[in-house]
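This report describes a protein chain for someone who has not seen it before. Please look over the sequence and the structure before reading on.

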Amino acid sequence: MRKLKTEELGRVGIDDFKKQEKLPLVVILDNVRSMHNIGSIFRTSDGFAIEKIYLCGITAQPPHREIEKTALGATQSIEWAYSADVCDTINELKLDGYTIIAIEQAENSTMLNNYDPNNSMKYALIFGNEVNGVSDEAMNLIDTCLEIPQFGTKHSFNIVVSAGIVLWDFFAKLKLNS
C-alpha cells in the first residue's frame, strides 16, 4: 500500500472551501486557555467543513503563531468571531435558530452515541475550559448536553480529542448516514 502525496488528495483551495456547503454546525470555545488546543480545533473544524467558530472569554484569537502551529492555516479557511461573553453568543445563536449543545459531563446528559441530530436543524456545540469545562453561565442557557462515553480511569478527554470525536460523530450522522 502506498501513501498518497498531498497533491493527490484532491483538496479544495480556501476560496472554494468558503463557497462549499458546510455542516450546519458551529463551535463555541468557552474560555479555552491553550492556543495549541484552539489551533487544533480550527484544523479539525476545517476537516469537517463546519460553518464557524466562536471564540469566547479568555480564548485567544488569530493571528497568533501559537495558534497557527496547530491550525496549519485553518484560521484562514474557517470563519470565526470573538465575543467577550459566551452568554451573548449563545443568545444570538438561539435567536438564529441554533440548538445549543454543551459537551460536558452533567446530570441528565445524553450519551453521544444515543443522540441523533436532525438534518433540518442547526447546532452550536460548546467546548469548555480545559480544567473547569463549560461555564455554569453557559450551562444555564443550553438546550441539551452531550457526554462522550468513557471506560478508563481518567475523568475526561482532552478538549481537542473531545472536539474530534463529537465533530466526527455529527459529520457521520448528518452527512454519511443520511
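Is Arg65 buried or exposed? Arg65 is exposed, because its relative accessible area is 62%; buried means under 20% relative accessible area, exposed over 50%, and partly exposed in between, with a 1.4 Å probe and protein chains only.

## Basis of the model

This is a predicted model, in which local features need pLDDT of at least 70 and side-chain atom pairs count only at pLDDT 80 or more, while totals for chains, interfaces and linings use all residues. Residues are numbered from 1 along each chain as its sequence is written, and side-chain values use heavy atoms, with hydrogens and water left out.

## Sheet and helices

Seven strands form an open sheet in the order 3-2-1-6-4-7-5, with parallel pairing. Strands (E, at least two residues) and helices (H or I, at least four) are DSSP runs numbered from the N terminus, and two strands pair if DSSP finds at least two bridges between them. The edges are strand 3 (79-83) and strand 5 (110-111), each of which pairs on one side only. Strand 4 (residues 98-103) pairs with strand 7 (residues 144-147) over 3 bridges, and Ile103 stands opposite Leu146 in strand 7.

Helix 2 (residues 35-47) lies across strand 1 (23-30), strand 2 (50-56) and strand 3, at about 165 degrees to strand 2. Axes are lines fitted to C-alpha atoms, for helices over the stretch in contact, and angles run from 0 to 180 degrees between N-to-C directions.

## Nonpolar cores

The largest nonpolar core has 35 residues, and Leu29, Ile53, Leu125, Phe127 and Phe170 touch the most other members. Such a core is a set of buried Ala, Val, Leu, Ile, Met, Phe, Trp, Tyr and Cys residues joined through side-chain atoms within 4.5 Å. Helix 7 (159-176) is among the elements that each supply at least two residues, and its 7 residues are the largest share of this core.

Beyond its neighbours within four places in sequence, Ile53 has contacts (heavy atoms within 4.5 Å) that include Val27, Leu29, Ile41 and Phe42.

## Salt bridges

The whole structure holds 9 salt bridges, each a side-chain nitrogen of Lys or Arg within 4 Å of a carboxyl oxygen of Asp or Glu. One of them joins Glu79 and Lys52 (3.4 Å, N to O). This pair links strand 3 to strand 2, 27 residues apart. Glu79 counts as partly exposed because its relative accessibility is 48%, whereas Lys52 is buried at 16%.

Arg65 and Glu66 also meet in a salt bridge (3.2 Å, N to O). Salt bridges that share partners join Arg65, Glu66 and Lys69 into one network.
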